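Please work through each task before reading its solution.

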Amino acid sequence: MKSTSGNAGGVQKKKMNGYVGFSNYPNQVHRRSVKRGFSFTLMIVGESGIGKSTLINTLFDNKIFPDHEESPPSAEPVKGVDITSMSADIQESGVKLRLTVVDTPGFGDSINNEDAWQPILENIESRFDAYLAQENRVNRSKISDNRIDSVIYFIKPTGHCLRAIDIEFMKRLHTKVNLIPIIAKADTLTARELELFKAKILADINYHGIQIFKPVSDEFDDSETVTDNREILSKIPFAVVGSEKYVDREDGTSVRGRRYPWGIIEVENEQHNDFIKLRQMLLRTHMEELKDTTDMVLYENYRTQKLLSMGHVQDNNVFREFNPLVQLEEERRAHEAKMQKMEAEMSAVFQQKVQEKESKLKQSEEELYARHKEMKTVLEKQRSELDDKKKRAEASARPITPMEHHSAAPTTKSKKKNIFSGF
């Protein structure tokens with residue numbers, strides 16, 4: 001084994017020196033698939049009598065749809081759009097296929113076809129919802145997949161352009177299904193009329209931003225596949241003719257087709273219509289691509305929108321690739337940031353506690369000082385009162401001397417003299 005190249009992601013390309021055996025894996029998948037069989041769900045949409053049942057029976061060369069019994073003139077027409085489905089197990093060269101065809105009788109048959117697409121859209125979304133519910137179950141060993149893999153939309157051969165109902169239907173459904181538009185009963189138009197009609201249809205589709213299924217080539221396709229895809233693309237939208245009957249040509253050979261006074265329209269003749277290319281794309285070359293597009297693109301988009309509308313949010317970090325060393329470094333930084341945050345919080349709490357304690361101590365000190373001052377004032381007042389009482393007590397308790405008595409007598413006489421001084 002030799003290393004040939006590498007990339008930034010660390011994945012290297014190796015060249016094998018000998019046979020190992022894993023190249024046989026596609027054969028293993030093939031055997032398992034043939035053993036299990038396949039399933040394919042196809043929806044057909046179009047007005048009554050446009051040839052839906054005939055085309056399906058012609059595509060699968062089988063009586064998928066039984067012959068319709070004509071309703072009596074007195075019978076009331078069916079109102080609205082009905083959704084019916086029928087399944088058939090068919091086998092070809094040992095390969096089993098469970099085919100389910102979903103029909104939409106009543107579409108486009110009313111005078112007022114407003115919202116005629118709504119029952120069909122609801123049916124498609126209900127199938128997505130049912131599959132999503134099964135995915136979310138605890139036991140997913142048996143999941144029934146009835147999602148629509150493709151929708152064949154039958155365009156009426158007017159020769160002009162798409163009608164309003166055609167545009168509205170395809171605009172509503174093109175993000176939910178693989179849309180394949182076809183021109184039904186193409187034998188009612190000339191080759192020139194078909195060419196102009198196809199150009200007008202494609203112009204309308206592009207103008208309204210409608211997405212239809214188109215085969216895509218990649219680097220793994222061989223030149224033959226690329227050529228086939230180009231030829232199929234050149235035929236879109238397919239102009240088809242269906243017929244379950246065989247007619248005899250002038251050379252005596254029997255072919256599937258329709259006989260007219262001016263000649264025979266052969267169903268499987270690419271010079272007459274595009275039936276061969278439609279069957280090639282739908283069944284022979286792109287059936288698996290139709291199923292993959294439904295599963296990995298259309299359903300995933302619907303599932304994402306559904307879960308987001310329900311409030312689910314995805315964490316993209318769960319699925320990202322990472323380097324262990326880088327992860328350790330990120331964890332170390334996150335831990336350091338966490339510790340710094342905790343330290344800052346603890347420091348803030350400590351500072352707050354200290355400030356609260358200092359405030360309480362200061363308040364207590366002020367209260368003690370005020371109380372001391374008040375008590376000092378009271379004591380000084382009491383002391384002053386006691387001193388006054390002491391002085392008064394000493395003064396009242398001391399005896400009068402003769403000298404003090406003698407000095408006080410003239411004073412009394414003078415007072416008496418002054419009393420009579422006026423006379």
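**Exercise 1.** Does Asp61 count as buried, partly exposed or exposed, and what is its relative accessibility?

Solution. The model is predicted, with local features requiring pLDDT of at least 70 and side-chain atom pairs pLDDT 80 or more, while totals for chains, interfaces and linings use all residues. Residues are numbered from 1 along each chain as its sequence is written, and side-chain values use heavy atoms, without hydrogens and water. Buried means under 20% relative accessible area, exposed over 50%, and partly exposed in between (1.4 Å probe, protein chains only). Asp61 has 52% relative accessibility and therefore counts as exposed.

**Exercise 2.** Identify the salt-bridge partner of Asp61 and locate both residues.

Solution. A salt bridge places a side-chain nitrogen of Lys or Arg within 4 Å of a carboxyl oxygen of Asp or Glu. Asp61 pairs with Arg256 at 2.7 Å, N to O. This pair links distant parts of the chain, 195 residues apart: Asp61 lies in the loop between α2 (52-59) and β4 (84-92), and Arg256 in strand β10 (residues 254-260). Helices (H or I, at least four residues) and strands (E, at least two) are DSSP runs, numbered from the N terminus. Arg256 is buried, at 7% relative accessible area.

**Exercise 3.** Describe the salt bridge between Arg332 and Glu329.

Solution. Their N to O distance is 2.4 Å. Both residues belong to helix α9 (residues 324-397), three residues apart, about one turn of the helix. Arg332 is partly exposed at 38%, and Glu329 is partly exposed at 29%.
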